[in-house]
Amino acid sequence: MDAAISAAASGPAPATDAPPYMSVQRVQKIYETAGGAVEAVSLADFSVTSGEFVAVLGPSGCGKSTLMMMIGGLETTSAGHIRVDGTEVTAPRGDFGYVFQDATLLPWKSVLDNVLFPIRLEHGRTRDHLDRARELLELVGLWDFRDKRPRQLSGGMRQRVAICRGLINDPKLLLMDEPFSALDAISRDDMNAALADLWDRYHKTAIFITHSIREAVYLADRVLVMSRRPSVISHDVRIPFPRPRRMEMQETAEFNEICGFLRRKIEEGYQRA
Ligand SMILES: Nc1ncnc2c1ncn2[C@@H]1O[C@H](COP(=O)(O)OP(=O)(O)OP(=O)(O)O)[C@@H](O)[C@H]1O
């Protein structure tokens with residue numbers, strides 16, 4: 001069975017003449033700490049085409065967040081190059097959207113003002129983006145909550161606001177680091193469905209870190225598996241399901257076979273260390 005999935009789904013996206021939208025070329029990260037050097041990422045080497053949704057799975061501590069921070073320009077690389085849209089990434093960029101595990105909303109601002117906050121920082125005034133904020137909040141079912149403060153919302157609602165904030169500047173690249181890990185299973189399913197809907201509408205290039213194999217397979221076009229440290233990208237698996245994605249597909253044999261395949265590859269990554 002593994003061989004069949006490997007043949008059908010493994011391997012990078014088919015080559016095209018177009019240059020990749022994002023390339024991560026032989027990237028390494030070593031943190032210098034008081035206790036010595038920590039090699040957080042040994043070798044990451046992959047590319048992403050425009051509009052692709054790429055999920056990253058791997059054991060805890062294998063360097064997923066470090067890889068994400070380097071792609072987002074929030075952390076330097078020790079070796080290698082990261083280019084997005086033809087430019088080397090050296091600092092956080094206005095054409096990126098960021099969504100992290102904790103929604104980190106500003107508690108004194110309303111839902112609407114939190115969504116508009118990146119625009120206020122960049123442009124000062126937010127008038128021109130009100131329609132987009134409304135469209136995003138309506139899509140995730142929160143327009144009626146626009147005047148509430150974050151403390152008046154559930155964790156799932158706060159993450160929806162954070163995703164709207166990540167999309168408000170119409171970013172070319174959306175970076176999401178375990179955005180739903182603090183949610184209960186039902187809220188998480190809801191969030192996955194909401195994100196899949198947003199995807200069908202906006203079709204952004206995305207990097208999505210998660211510990212949930214099912215979430216990765218449900219949402220992504222490709223899943224990268226990182227091995228335990230010293231970590232490399234050990235597998236690059238294409239997810240063959242058409243869009244729009246529907247929750248029911250999680251009950252199909254094919255979905256569960258791919259999840260099982262990925263689980264075994266992650267386990268192999270654990271053992272290799
Ligand atoms: N700023 C830092 N300074 C020193 N070491 C760090 C720093 N950030 C991360 N590390 C170390 O780098 C390694 C990779 O950490 P990272 O958070 O990237 O892994 P992860 O795969 O995202 O983990 P998790 O799945 O648990 O969130 C770990 O050993 C971690 O302790």
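This is a predicted model: local features need pLDDT of at least 70, side-chain atom pairs count only at pLDDT 80 or more; totals for chains, interfaces and linings use all residues.
Which strands pair with β8? One is β3, residues 53–57, which pairs with β8 in the parallel sense over four bridges. In that pairing, Phe53 has Ala206 of β8 as its bridge partner. Another is β7, residues 173–177, also parallel to β8, over five bridges. There, Leu173 stands opposite Thr205.

Now the helices. Helix α3 covers residues 111–123 and helix α5 residues 155–167; they pack at an angle of about 35°, and their axes are 7 Å apart. The crossing of α3 and α5 is right-handed. On the α3 side the contact is made by Val111, Asn114, Val115, Phe117 and Pro118, and on the α5 side by Val161, Cys164 and Arg165. By type, the residues of this contact divide into six nonpolar, one polar and one charged.

I will stay with one of those residues, Asn114, which lies in helix α3. Is Asn114 buried or exposed? Asn114 counts as buried, because it has 25 C-beta neighbours inside 10 Å, and the cut-off for buried is 20 or more. What does Asn114 touch, leaving out residues up to four places away in sequence? The list is Leu105, Leu106, Lys109, Pro150, Val161 and Arg165. Of these, Val161 and Arg165 belong to the α5 side of the helix contact. For a sense of distance, Asn114 and Gln25 are 89 residues apart in sequence, and their C-alpha atoms are 35 Å apart in space.

Last, the chain as a whole. The protein chain has eight helices and ten strands. Its radius of gyration is 19 Å, close to the 19 Å that the globule rule gives for 273 residues, so the chain is as compact as a globular protein of that length. Along the principal axes, the C-alpha atoms fill a box of roughly 50 × 45 × 40 Å. Of the 273 residues, 38% count as buried. Among contacts between residues at least 6 apart in sequence, 74% join residues at least 24 apart.

How values were computed. Residues are numbered from 1 along each chain as its sequence is written. Axes are lines fitted to C-alpha atoms, for helices over the stretch in contact, and angles run from 0 to 180 degrees between N-to-C directions. Helices (H or I, at least four residues) and strands (E, at least two) are DSSP runs, numbered from the N terminus. A crossing is left-handed if the near helix is turned anticlockwise from the far one by less than a right angle, and right-handed if clockwise. Two residues are in contact if their C-beta atoms, placed from the backbone, lie within 7 Å. Ala, Val, Leu, Ile, Met, Phe, Trp, Tyr, Cys and Pro count as nonpolar, Asp, Glu, Lys and Arg as charged, and the others, Gly among them, as polar. The radius of gyration is taken over C-alpha atoms; the globule rule is 2.2 Å times the number of residues to the power 0.38. A residue is buried if 20 or more other C-beta atoms lie within 10 Å of its own, exposed if 12 or fewer, and partly exposed in between; C-beta atoms are placed from the backbone. Two strands pair if DSSP finds at least two bridges between them.
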